[in-house]
Amino acid sequence: MQQQNDYKKHREKLFKAMLPNSIALLPTAPIIRRSADQNYRFYPDNDFYYFTGYPEPEAVAVLIKSEQKGERYILFNRRKDPAQEQWSGIRIGQEAALKEYLVDEAYPIDELMNKLPELTSNKEALYFTWGRYTSFDETIKNCLNKIRDKIRAGFKIPDHCINLESIVSEMRLIKDSQEIAWLRKAAEITTLAHKQAMRACYPGSNEYQVKAELIYGFLKQGGMGEAYDSIVAGGENACILHYTVNNQPLKANELLLIDAAAKYNFYCADVTRTYPISSKFTGEQKAIYEIVYEAQLAAIKAAKPGICWLEMELTARRVITSGLIELGVLKGDIEELLAQNAYAPFYMHRIGHWLGMDVHDVGRYKENGQWRTLQSGMVTTIEPGIYIKPGLPVDRRWWGIGIRIEDNVVITDSGVDILTIDMPKKASEIEMLVSEK
Ligand SMILES: [Mn+2]
């Protein structure tokens, strides 16, 4: 029940944001066919889950704010069905929804089209996220048309249709203490799994074996599995940013980039470390590693409330550019090179992204055309990298080195709280971890 109170708090926030005499509709995600008679594993819609904590498919949450009846949370969900439950597990049903999920009214999902027009009519505003699920767009259209049919009886459709997504995204962007606890747990599970996976890494083992250890670690500790497709990239595969084939042998003296993390109670970690497969960095690898390491520390140091998102980015670009000049990979004046984006062939992605229920979490990055400032309660990754693809016009000794270091941080009142603080990161700590077998 404790957990259900957390979702209730989210609903209260939404009620507060809603106009008087309005209705918000949140469907969960549809079940998607994979092939023949098999479906993809069901994941609830994250916006729906954020307000309900309700795990079953075929559900729609209706939030109504009215002057006469106050605030109501109505859930349409599956009926109990003993024959189906025999095959595919217990269904919550309406009675348990009322008791265990703090629902004010619960109705079977097959009654949605009977009840929805009445609930929606004569409201000032309808909140809904258009275009996410075609079938629910259709439901809304049918509902509005049913109300139009009764226009002569005094019913009317809402005057305002408001995009719910942008309101919910901004709410989800600022995490409360319970959400941060779940994110921390996801980070802790990830840390242990990375450490364990590196025990399975040696010259001659395969990327998929390391991936297997990661997934094992995520599940063994109570996580929901991978937060996203794991990237386990040996050698030059690390230069492909979203390399997920993960089927190549690991070679002595090459690097292994692992970008993999657990999901815990619907919250994601997102962590990258780069390890020397033979447990010692070569001179070239170490030189590049140190630049990425310094860039990452500098970006973390820059992160605090009130700074502009872009400041972390510019800080990292400067450290990377000056490091590459020192190694002779880039040649010229630092200010000119920065102005020309000379780092871009080596560092082509952004410094980070919001993190939460989605690994690339919701929430705007710019406001009124300007990069927004960081605020307490935001959670972001900080993940600079350097990737030197073979064939780039630099000394061949750098070819095939791909390094990224990624941590997860909560912006606090005074700076940051690093959720992945227990992940080894210094070159010497990384070498130590790989050598411990
Ligand atoms: Mn990331």
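**View 1. The manganese site of the predicted model.** In this predicted model, the manganese ion is coordinated by Asp-270 through OD, by His-353 through NE2, and by Glu-383 and Glu-406 through OE, at 2.1 to 2.4 Å. Along the chain, the donors of the manganese ion follow the spacing D-x82-H-x29-E-x22-E.

View 2. The domain assignment divides the protein chain into domain 1 (2–171) and domain 2 (174–435), and the centres of domain 1 and domain 2, taken over C-alpha atoms, are separated by 37 Å. Where the two meet, 15 residues of domain 1 are in contact with 17 residues of domain 2. The size of an interface is often given as the accessible area lost when the parts come together. Between domain 1 and domain 2 the buried area is about 1,400 Å², and carbon and sulfur atoms give 48% of that area.

**View 3. Polar and charged pairs across the domain interface.** Across the interface of domain 1 and domain 2 there are two salt bridges, and eight residue pairs are in polar contact, with both residues at pLDDT 80 or more. On the side of domain 1 that touches domain 2, the elements giving two or more residues are helix H1 (2–17), helix H2 (46–52) and helix H7 (164–173). H1 gives the most to this side, with five residues.

**View 4. Two individual salt bridges.** The structure holds 31 salt bridges, among them the pair of Arg-372 and Glu-170, in which the closest N and O atoms are 2.8 Å apart. Another salt bridge joins Asp-6 to Lys-9, with the closest N and O atoms 3.8 Å apart. Asp-6 and Lys-9 are separated by about one helical turn, because they are three residues apart in helix H1.

Key. Residues are numbered from 1 along each chain as its sequence is written. This is a predicted model: local features need pLDDT of at least 70, side-chain atom pairs count only at pLDDT 80 or more; totals for chains, interfaces and linings use all residues. Side-chain values use heavy atoms; hydrogens and water are left out. Domain bounds come from an automatic or database domain assignment. Contact means heavy atoms within 4.5 Å. Buried area is the accessible area (1.4 Å probe) that two parts lose on being put together, summed over both. A salt bridge is a side-chain nitrogen of Lys or Arg within 4 Å of a carboxyl oxygen of Asp or Glu. A polar contact is a pair of N or O atoms within 3.5 Å; within protein, one must be able to donate a hydrogen and the other to accept it, and residues adjacent in sequence count only if both atoms are side-chain atoms. Helices (H or I, at least four residues) and strands (E, at least two) are DSSP runs, numbered from the N terminus. Donors are N, O and S atoms within 2.8 Å of the metal (3.2 Å for Na, K and Ca); water is not among the atoms, so sites may look incomplete.
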